[in-house]
Amino acid sequence: MGFGSYDESEQQQQTTEDDEDVEAVNVHQNDHDGQMSFESDVSTDELVSQLGEMRDDGDDE
C-alpha cells in the first residue's frame, strides 16, 4: 500500500460480541410523579441571603 491508501474493510463499523451482551439503561426507572413540599420558619429573603454568603465563601478557594 502506498502513502494515504487504506484497506476499506478496516474502515467499516466493527462490532464485538461484548456489545451484544450490554443491557440498555432505563433512565426513567426511578422517576417520581408525586409532589414534594416542606415548611420552614425562614423567609425567602433570608434563604437568598444565605445562598449569597455560601457562594461568596466558595469564591475564596
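A residue counts as buried when its relative accessible area is under 20%, as exposed when it is over 50%, and as partly exposed in between (1.4 Å probe, protein chains only). By that rule, buried residues make up 0% of the 61 residues in this protein.

What you see is a predicted model, in which local features need pLDDT of at least 70, side-chain atom pairs count only at pLDDT 80 or more, and totals for chains, interfaces and linings use all residues. Residues are numbered from 1 along each chain as its sequence is written, and side-chain values use heavy atoms, leaving out hydrogens and water.

Now follow the chain from the N terminus: the elements run α-α-α, giving 3 helices and 0 strands (DSSP runs; helices are H or I with at least four residues, strands E with at least two).

Confidence is lowest in helix α2 (residues 17-20), at a mean of 58, and highest in helix α3 (residues 44-59), at 90.

Finally, look for H32 in the loop between α2 and α3. H32 is exposed, with a relative accessible area of 64%.

Conventions:
pLDDT = per-residue confidence, 0-100.
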